[in-house]
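Work through the exercises below with the sequence and the model at hand. Each task is followed by a solution in steps.

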Amino acid sequence: MEVCVTSLLRDKGFKVTPQRLAIYNVLATSKAHPSAEMIYNLLQPVYPTMSLATVYKTIEILKELDLVQVLNVGEDSFRYDADTSNHPHVRCLVCGRVDDLHHIDSREFINQVASQTAYELTGQQFYFYGTCPSCQSKKQ
């Protein structure tokens, strides 16, 4: 996976740095859909000279290379997902956890929107909100 990212960065004229590879690695191996701040806090002990601006710049580059998608799940900051396939997400309103919903087939709904609006759709994102099982069990 890292070789692919390295090649893509080089092919598009971007520098390949350990920090950029580490940021991508966090996104590629995490199911938490971290924000830039979460990524920064995780990597800061390993890369103490890395700035939050480096994280944001790297995310923009990765987005340009179609290696991450930006999620706006209703928080003050964006979350990021290295799984760029079209799939919905669900966010816990208590703890902020964000999960993928790969088993939900939204094609019929997307087709309905396209046919009823005459839009040529180029993408979509679905977000659902509720209370995750862990937070539900803490209430009881």
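**Exercise 1. The overall fold**

How many helices and how many strands are there in the chain?

Solution. The model is predicted. Step 1: the chain has six helices and five strands. Step 3: for the extent, take the principal axes; the C-alpha atoms fill a box of roughly 45 × 45 × 25 Å. Step 4: of the 140 residues in the chain, 33% are buried. Step 5: the accessible surface comes to about 8,900 Å², and carbon and sulfur atoms hold 52% of it.

**Exercise 2. The faces of helix α3**

Determine which residues of helix α3 are buried, which are exposed, and what the buried ones pack against.

Solution. Step 1: α3 covers residues 36–43, and Ala36, Ile39 and Leu43 are buried there. Step 2: viewed down the axis of α3, the buried residues fall within an arc of 65 degrees, so they line one face of the helix. Step 5: the partners of the buried residues of α3 are α2 (18–29), α4 (52–64) and β2 (79–81).

**Exercise 3. An aromatic pair**

Classify the ring pair formed by Phe109 and Phe126, and state whether each residue is buried or partly exposed.

Solution. Step 1: the count of aromatic pairs comes to one. Step 2: the ring centres of Phe109 and Phe126 are 5.5 Å apart and the planes lie at 50 degrees, so the pair is tilted. Step 3: the two residues are 17 residues apart, with Phe109 in helix α5 and Phe126 in the loop between α5 and β5. Step 4: Phe109 has a relative accessible area of 44% and is partly exposed. Step 5: for Phe126 the relative accessible area is 17%, which makes this residue buried, as the cut-off for buried is under 20%.

**Exercise 4. A nonpolar patch**

Which residues form a nonpolar patch on the surface, and where does Leu121 lie?

Solution. Step 1: the patch consists of Phe109, Val113, Tyr119 and Leu121, which together have about 390 Å² of accessible area. Step 2: Leu121 lies in the loop between α5 (107–117) and β5 (127–130). Step 3: the relative accessibility of Leu121 is 35%, so Leu121 counts as partly exposed.

Terms used
Residues numbered from 1 in each chain as written. Predicted model: local features only at pLDDT ≥ 70, side-chain atom pairs only at ≥ 80, totals over all residues. Heavy atoms only, no water. Buried < 20%, exposed > 50% of the residue type's maximum accessible area, 1.4 Å probe, protein only. Helix = DSSP H or I, 4+ residues; strand = E, 2+ residues; numbered from the N terminus. Arc of directions from axis to C-beta. Contact = heavy atoms within 4.5 Å. Patch = residues over 30% accessible without salt bridge, like charges linked within 9 Å, V, L, I, M, F, W, Y side chains within 5 Å. Areas by Shrake-Rupley, 256 points an atom, 1.4 Å probe, with all protein chains shown as cover. Salt bridge = Lys/Arg side-chain N within 4 Å of Asp/Glu carboxyl O. Phe/Tyr/Trp six-rings, centres within 6.5 Å; stacked < 30°, edge-to-face > 60°.
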